[in-house]
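Here is a short tour for anyone meeting this structure for the first time. Take a look, and then we'll walk through it together.

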Amino acid sequence: MSKDESDSIPFAGTSTSLDAADEMERVSSGIYDLIGVKGKASDSHSTVTDCPGKDKNTYFQILHPWSFRPTAASDLDVAMDRLEAELPKHGWNIVDYGPDSSKNRNVRMTADNDREKASVVVVKMAKEDPPMLSLDVVSGCYKVPDGQEIQRF
């Protein structure tokens, strides 16, 4: 990652990693609510990652990866279209949208939310069995409070 890329990651504030993980799971829950079709989300938990170019003992990011499988495969397009329409109404700015370079040419959407200091990458995996949306919600860089250590999980 270049210096420019690490500089583009927003500062998310001071927090413990547990509180920051709860916050990113809340952001994920809000995105789930926007999908608007019946289905099942994976039961996944957040993880702590390093902030590129920053002291790994002081700064961290939270990654919350999860997936959504619509009850009806035909609802996959509906779910992706709803996210494309609804995310901007809730403070998200879609910065990238289109097929990826994989052999399946999965449709990939990246959106940033300045207020939440978070980004989401949504990949529509229509050729999976069953079809699903893969979502990665990632925070900006947090700083651990003075005198505390980052809990890694």
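## Order of the pieces

What pattern does the protein chain follow, read along the sequence? The pattern is α-β-α-β-β-β-α-β-β-β-β-β. That gives the protein chain 3 helices and 9 strands. Here helices (H or I, at least four residues) and strands (E, at least two) are DSSP runs, numbered from the N terminus.

## How to read the model

This is a predicted model, where local features need pLDDT of at least 70, side-chain atom pairs count only at pLDDT 80 or more, and totals for chains, interfaces and linings use all residues. Residues are numbered from 1 along each chain as its sequence is written, and side-chain values use heavy atoms, with hydrogens and water left out.

The pLDDT is the predictor's confidence in each residue, from 0 to 100. The protein chain averages 94, and 95% of the residues score at least 70. Over residues 1-6, though, the pLDDT is below 50, and this stretch has 4 contacts in the model beyond near neighbours in sequence. A contact means heavy atoms within 4.5 Å. Where pLDDT is low, the predicted coordinates should not be read in detail.

## Overall shape and surface

The C-alpha trace spans about 50 × 30 × 30 Å along its principal axes. With 153 residues, a compact globule would have a radius of gyration near 15 Å, and the 16 Å of the protein chain agrees with that. This radius is taken over C-alpha atoms, and the globule rule is 2.2 Å times the number of residues to the power 0.38.

Of the 153 residues, 39% count as buried. Buried means under 20% relative accessible area, exposed over 50%, and partly exposed in between (1.4 Å probe, protein chains only). The accessible surface comes to about 8,500 Å², with 46% of it belonging to carbon and sulfur atoms; such areas come from the Shrake-Rupley method with a 1.4 Å probe, and for residues only the protein chains shown count as cover. As for what touches what, take contacts between residues at least 6 apart in sequence: 62% of these join residues at least 24 apart.

## Loops worth a look

Most residues other than glycine have a negative phi, and most peptide bonds are trans. R105 has a positive phi, near 55°, and sits in the loop between strand 5 (93-99) and strand 6 (107-113). R105 is partly exposed, at 48% relative accessible area. K117 also has a positive phi, of about 55°; you'll find K117 in the loop between strand 6 and strand 7, partly exposed at 29%.

Which residues does a cis peptide bond join? They are D129 and P130, with omega at about 0°. P130 is in the loop between strand 7 (118-125) and strand 8 (132-139). K54, in the loop between strand 3 (47-50) and strand 4 (59-70), is 76 residues from P130 in sequence and 39 Å from it in space, C-alpha to C-alpha. Leaving out residues up to four places away in sequence, K54 touches Y59 and C141.

## The tail end

F153 lies in the segment after strand 9 (141-143) and counts as partly exposed, at 37% relative accessibility. Which residues does F153 touch, not counting those up to four places away in sequence? They are S17, L18, A21, S46, T47 and V48. F153 and Y142 are 11 residues apart in sequence and 15 Å apart in space, C-alpha to C-alpha.
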